[in-house]
Each structure stands twice: as C-alpha cells, then as structure tokens.
Amino acid sequence: MSDLEPLNSINSGIIAEDKIRALFPILHQEVNGKPLVYFDNAATTQKPIQVIDALKKYYEVDNSNIHRGAHTLASRATDYFEQTRNLVKQFINAPSTEQVIFTKGTTDSINLVASTFGRKFIAEGDEIIISTLEHHSNIVPWQMLCEEKGAILKIIPIHDNGELDLEAYKNLLSNKTKLVAVVHASNALGTINPVKEMIEQAHEFGAKFLLDGAQSTAHLDVDVQDLDCDFLAFSAHKVYGPTGVGILYGKWELLESMPPYQGGGEMIKEVTFAKTTYNDIPYKFEAGTPNIADVIAFGEAIRFVNQLGKAAIRKHENQLLEHARERCATIKGFIPIGTARDKVSVLSFGINNIHPFDVGMMLDASGIAVRTGHHCTQPLMERFKIEGTVRASFAVYNTIEEVDRLVESLTKISKRKN
Ligand code: PMP
C-alpha cells in the first residue's frame, strides 16, 4: 500500500501517469518491436502490482479453504475474503455485506438472476425489457428464460448516435413488464445510459431493474442505493482485478425470496436425505469453494481505484477520449460509430474500405492492441448494418502520447485505401 501513497497527490484531479504506469508491469514490454500500447481495456484491464502480489502472497502464506476450518490459516483466509466483500459493499454503497454475492463474472451474475429470480417470478405472458445496446450476456439468458416460461422479450431501440430511444422505452413499459435488464455503459459504443431515470420509470410499473455494470464500475460512481437498482452485475477483471470473480448485488427482500442458484456445500444450513434447509444470504448463492485468491486480490484493485478516485479517473479518460475523437476526425475514411453525448472511454470506428480485423492486425504490427469485431453485441452491429468495428478503449494508465501513436498508425493505414 505504501507504494501508492504518492498517488494521493492527485486529489487535484490530475493523474500522475508515470507513477501509475510503474504499478503495471505488463505495460513495460515491446510487442512486434514497438512499446506496447494497450487499448483493449473494455475487454479486460491490466492488473496493478499490488493485485499480482496479493495473489502470490495468498498462495505462499494464507492458502486455506474458507468458512469451515477451525485453524489459523482458514480463519485468516476467511477474514481476507470477507474484507473484500466489505470493500465491494462500500465501492457500490450497498446497504449490507450480505447483499454482495461473489460469482464468476457479470455473465454468471446475470445467469444467477435469470435462473433464480426468473425461475420463481417470471410467468407466461410476462414481459422482460432489454435494449439494443446489450452484450450477449444480457440477451441470451433472458431469451432462454422467455423460451422456457413463454414470456416475451421487448427491445428498446436506439438512435443513430447510439443513445437509447427513451420515448420508445416509456412506451414499452406496462403492467406486464416484470424486469428491465439494461447496460449502464455500452461496451461496443461507450454510450452511458440515463439509468437512474430509467429505473424510476420501471419501478412505476412495479418492474424490477437489473443493471449491467460491467463497463461502468471502473469509470463511474455506481451507488446502488442512489440508483435504486434491484440488481447490479459486474466483473472484477474490468476493474483492475483478477479474472474469474464477479459481483451480484441485490435488494435484500429479493435475494431472500429467490431460490438458490446451485446446490452444494456452503449454501446449506442442514442437509438430511428428507430435506435440506438453505443458508442465509449471501452464502445461499455461493455453493462450493469460491475463487478465494482472486476475490482477496480484487480487494487490492478496489483500494487502487479508491486511492485514485473515480472523478480523477474519469477526467483523465475523458481527456484521452476527447483527444482521440478530435484527432481521428481528421483521418480520411475514419467512420466513428457511436457518438452519444455521454460516453465512457470507448472509441469505436471503422476505416473506409478496410475490414476492421485488418485494421486490428495492422495496429498490432505497430504494438497497438485494440479489439475488432462484433464485441459480443451482434444485434447492435446489425442495427448499424455493419459486421463489426475497431474499438480502442482507454484506462487510467493510458496516455495522450499513446493516443497520438494510434492516430499516426491509423492515418498510415487509411492512406492505403482512401
Ligand atoms: N456486459 C458487458 C457490457 C460487457 O462488456 C461484458 C464483457 N465484455 C459482459 C457483460 C460480460 O462480462 P464477463 O465476460 O466478465 O462475464
């Protein structure tokens, strides 16, 4: 932790790039003979050294199964694991630690809600609303549920700039709506949705609201009490933490009323062959040995984000996005995709006459890592009548110089065909 002290000086809102970059070992390497520029942060962020060290320390010093053993290592591992739960509680301002459930990721969290809330509360003829912006993991579980239950999936359309059509949303809501599941920030376009207002509108019809926070939690303040969402799902690996850890937050009475997700150890109070009683929340939803090491290391990622502060992170990333937008607009053949007014740091685009995959390969040859393709949002690509985009997504350790390198490479790539 002491390594991070100097970063406190960024309370002025200015990110000390060098100090931050020094914490990310992976950034200091060459790819294809060029210094790595990592612009694939919406897929997964890199991990600061304190997260990596926490993983190593756990296996070297603390490794033990949690919640069960009477011995010192078991209680130490349990304490650290539960400390992360408390950090997550504060991170999203949940009313209690019991409402923070550890899962494998956003996908797993959404599937948990579909399988338990959905199984119990969705019936034939009920309606579930999602949006055109959704990631496949916030589409397919609802399609599967609707198929099983005879429920109906309704889709909020978008405008050409990638913003949701909020009038259409209002018209879709009715007494038949049982659940609205919408992304906070789009992974493919960066659009930030006005979810507070949307949640309020859903509640007027008695519908529950699941917020997909996979792309917002690293950039925006996400306060579940202020937003009043019924569920929040997100992944640790997109918030500078390890892969294999997700969070599901839920309102107390909902979590209490939902049946368990999976059966096994930890989620029970008492098992007899005649009958099993279930554990209290959150353990009711955490069957089996969880991903202990990665949960503990995620605690360090949250401390890292807290130390910087979301406001400073957002300001820095916005500067990168604005700079990229302005400079890219001058590239011949550059086609921005998703020009919403309010965006997280995602720049999605095409280059005239060049396939996105080829752009990605050419950028990689210059050491620049971007994502290309449909970004697990095929219906959204269909809406724009495109196969895919090139996506550069920025994190707190990225720099203006790196954006300039992207622009220079894109200028050269575009010149070949434009
Ligand atoms: N929703 C959104 C908006 C995402 O960006 C992602 C990951 N790309 C997911 C859900 C799924 O997250 P995970 O793969 O970590 O479960």
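This is a predicted model: local features need pLDDT of at least 70, side-chain atom pairs count only at pLDDT 80 or more; totals for chains, interfaces and linings use all residues.
Tutor: Start with confidence: the protein averages a pLDDT of 96, and 97% of the residues score at least 70. pLDDT is the predictor's confidence in each residue, from 0 to 100.

Student: Where is the pLDDT below 50?
Tutor: Over residues 1-6. Beyond near neighbours in sequence, that stretch has nine contacts in the model, a contact being heavy atoms within 4.5 Å.

Student: OK, which domains does the assignment give?
Tutor: Domain 1 is 2-46 + 309-417, and domain 2 is 53-306. Such bounds come from an automatic or database domain assignment. The C-alpha centres of the two lie 27 Å apart, and their contact takes 40 residues from domain 1 and 36 residues from domain 2.

Student: How much area is buried between domain 1 and domain 2?
Tutor: About 3,000 Å², with 56% of that from carbon and sulfur atoms. Buried area is the accessible area (1.4 Å probe) that two parts lose on being put together, summed over both.

Student: How many salt bridges cross the interface?
Tutor: The rule finds two. It asks for a side-chain nitrogen of Lys or Arg within 4 Å of a carboxyl oxygen of Asp or Glu. Separately, E163 forms a salt bridge with R341, with the closest N and O atoms 2.4 Å apart.

Student: Which element gives the most to the side of domain 1 that touches domain 2?
Tutor: α13, with six residues. The elements that give two or more are α11 (310-328), β14 (346-351) and α13 (378-384). Helices (H or I, at least four residues) and strands (E, at least two) are DSSP runs, numbered from the N terminus.

Student: Changing topic: which residues does a cis peptide bond join?
Tutor: I281 and P282, with omega about 5 degrees. P282 lies in the loop between β12 (276-278) and α10 (292-308).

Student: And what is phi of D228?
Tutor: Near 65 degrees, a positive value in a residue other than glycine. D228 sits in the loop between α8 (224-227) and β9 (231-235).

Student: Why point those two out?
Tutor: Because most residues other than glycine have a negative phi, and most peptide bonds are trans.

Note on methods:
Residues are numbered from 1 along each chain as its sequence is written. Side-chain values use heavy atoms; hydrogens and water are left out.
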